[in-house]
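The exercises below ask you to reason from the coordinates to a description of helix geometry and ring contacts. Work each one through before reading its solution.

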Amino acid sequence: MMTRRITQLLIGLAMYGISLAMFIRAGLGLDPWDVFHQGVSQRTGFSIGVVVIAVSFLVLLLWIPLRQMPGIGTLANAVLVGLFADLGLWLIPGFSHLGGQIAMLAGAVILNGIASACYIGARLGPGARDGLMTGLVRRTGWSVRVVRTGIEVVVLAIGWLLGGSVGIGTVVYALAIGPIVQLLLPRFMVPERGAAAASKESVEAAPTT
């Protein structure tokens with residue numbers, strides 16, 4: 001079971017990084033956090049992958065007063081998404097015509113949804129940004145919707161002011177990613193050990209014909 005969880009985690013994080021590169025190559029707008037990452041990248045001259053990694057560890061520092069504990073998935077997320085984002089940007093060409101941009105955007109949204117379901121379903125710890133959200137929800141008592149919207153509005157505004165790409169892709173991501181992850185997550189969710197054992201026992205105990 002642990003082998004499956006780690007494998008699923010690594011595949012999910014790799015796909016997530018590649019999907020970020022696809023969003024950038026589509027040139028139609030990024031999700032809020034990546035608008036921020038791109039803006040910082042443009043201002044500092046660092047690659048977006050390096051910025052993603054650096055911001056991840058800075059956000060993890062905010063976990064300390066929230067008394068959040070990172071898992072192996074949290075640390076892997078902090079490093080691997082940025083590495084695969086830079087790899088994807090190296091491998092994937094940009095598009096100068098709208099048809100190619102739209103196709104790239106659609107592929108990026110779908111791949112990002114699959115990737116999110118994979119790494120969340122592995123149950124090895126949330127990403128730094130998701131952990132910040134859940135930690136604030138727990139400490140403040142506010143709803144997930146309020147906290148998540150507040151964080152994303154702030155990082156989106158800062159990223160836009162820094163020159164990050166905001167566009168139709170930003171809107172498409174906001175509307176589509178939730179339903180896609182909700183649809184796919186049950187398929188990728190690794191069952192708890194007790195649930196898996198109970199399921200195995202029920203299968204073994206089932207009568208045969």
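**Exercise 1.** How many aromatic pairs does a search of the whole structure find?

*Solution.* In this predicted model, the search of the whole structure finds three aromatic pairs. For one of them, the rings of Tyr16 and Tyr119, the centres are 6.0 Å apart and the planes stand at 75°; because an angle over 60 degrees counts as edge-to-face, the pair is edge-to-face. Tyr16 belongs to helix 1 (residues 2–26) and Tyr119 to helix 6, so that the pair links distant parts of the chain, 103 residues apart. Both Tyr16 and Tyr119 are buried.

**Exercise 2.** Classify the pair formed by Phe23 and Tyr173, and state which helices this pair ties together.

*Solution.* The centre-to-centre distance is 5.7 Å and the angle between the planes is 75°, which makes this aromatic pair edge-to-face. Since Phe23 lies in helix 1 and Tyr173 in helix 9 (residues 168–188), the pair ties together parts that are 150 residues apart in sequence. The cut-off for burial is under 20% relative accessible area; Phe23, at 1%, therefore counts as buried, and Tyr173, at 8%, is buried as well.

Methods
Residues numbered from 1 in each chain as written. Predicted model: local features only at pLDDT ≥ 70, side-chain atom pairs only at ≥ 80, totals over all residues. Heavy atoms only, no water. Phe/Tyr/Trp six-rings, centres within 6.5 Å; stacked < 30°, edge-to-face > 60°. Helix = DSSP H or I, 4+ residues; strand = E, 2+ residues; numbered from the N terminus. Buried < 20%, exposed > 50% of the residue type's maximum accessible area, 1.4 Å probe, protein only.
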